[in-house]
Amino acid sequence: MKKDFEIPVAKEVIVAIVREWNEEFQCHDWNAYLVNNKDTAIEMVFVTTKGFDNKVKTSVMRHGLGTVQSKSSVKIELIQEDLLKLNNEFFVTFFGLDGVLYERRFLFRKNTINEKATQEIPLLKSRGVLCN
């Protein structure tokens with residue numbers, strides 16, 4: 001039955017992990033963002049996240065993000081420092097304005113989220129690690 005459905009891969013939608021200053025706790029945090037580079041909004045955005053390796057597996061977190069406007073971003077979650085040593089998976093599904101369901105899996109391999117791997121992310125106006 002599943003083979004009867006074709007779900008296209010989301011393009012122009014990416015996940016970025018950004019290191020930001022937390023004013024309240026006076027420290028740097030890693031935050032995950034969904035970036036919509038499309039020229040149109042995306043609707044009913046749903047993201048599941050988990051961390052894992054051969055021995056450890058985190059709980060699956062689910063985030064309903066609603067509508068994400070074109071050329072904008074929305075914060076998904078804070079990533080704790082001890083989770084950076086795990087593979088971090090973000091599975092994104094949403095409806096385009098064409099009414100089609102899209103999905104995409106983003107995988108940040110363990111230890112790839114670090115200061116050396118950051119690059120400028122213009123839409124966020126900050127530095128971060130991209131998975132696109």
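**The open sheet**

Author: The model is a predicted one. Now widen the view from that pair. Strand 1 and strand 9 (residues 126-131) are joined by four bridges, and they run antiparallel.

Next, turn to strand 2. Strand 1 (residues 13-22) and strand 2 (residues 27-36) are joined by 10 bridges. These two strands also run antiparallel. Look for V18: its bridge partner in strand 2 is N31.

Go back to strand 9 and move on to strand 8. Three bridges join strand 8 to strand 9, again antiparallel. Here Q119 has G128 in strand 9 as its bridge partner. Strand 8 and strand 9 form a hairpin, with four residues between them. In that turn, K125 has a positive phi of about 55°.

Now put the pieces together. The sheet is open and has five strands, in the order 5-2-1-9-8. The pairing is antiparallel. Strands of a sheet pair through backbone hydrogen bonds, either parallel or antiparallel. Where does the sheet end? The edge strands are strand 5 and strand 8 (119-121). Each of them pairs on one side only. From one strand to the next, the twist averages 45°.

Stay with strand 5 for a moment. V74 is found there. Is V74 buried, partly exposed or exposed? Its relative accessibility is 24%, so V74 counts as partly exposed. The cut-off for buried is under 20%, and exposed means over 50%. Which residues does V74 touch, leaving aside its neighbours within four places in sequence? V74 is in contact with A32, Y33, L34, L65 and V68. Now find L124. V74 and L124 are 50 residues apart in sequence, yet 9.6 Å apart in space, C-alpha to C-alpha.

The largest pocket holds about 240 Å³ of space. Its lining has 14 residues, and the closest to its centre are T49, T58, M61, E77 and L83. Which elements give two or more residues to this lining? They are strand 3 (42-52), strand 5 (72-79) and strand 6 (87-96). By type, the lining residues divide into five nonpolar, six polar and three charged.

Technical notes
Residues are numbered from 1 along each chain as its sequence is written. This is a predicted model: local features need pLDDT of at least 70, side-chain atom pairs count only at pLDDT 80 or more; totals for chains, interfaces and linings use all residues. Side-chain values use heavy atoms; hydrogens and water are left out. On a 1 Å grid over the protein atoms alone, a cavity is a set of points where a 1.4 Å probe fits but cannot get out, and a pocket is an open set with protein on both sides within 12 Å along at least five of seven lines; lining residues have an atom within 4 Å of a point. Grid points are joined across faces, edges and corners, and a volume is the space filled by probe spheres set on the points. Ala, Val, Leu, Ile, Met, Phe, Trp, Tyr, Cys and Pro count as nonpolar, Asp, Glu, Lys and Arg as charged, and the others, Gly among them, as polar. Two strands pair if DSSP finds at least two bridges between them. Axes are lines fitted to C-alpha atoms, for helices over the stretch in contact, and angles run from 0 to 180 degrees between N-to-C directions. Buried means under 20% relative accessible area, exposed over 50%, partly exposed in between (1.4 Å probe, protein chains only). Contact means heavy atoms within 4.5 Å.
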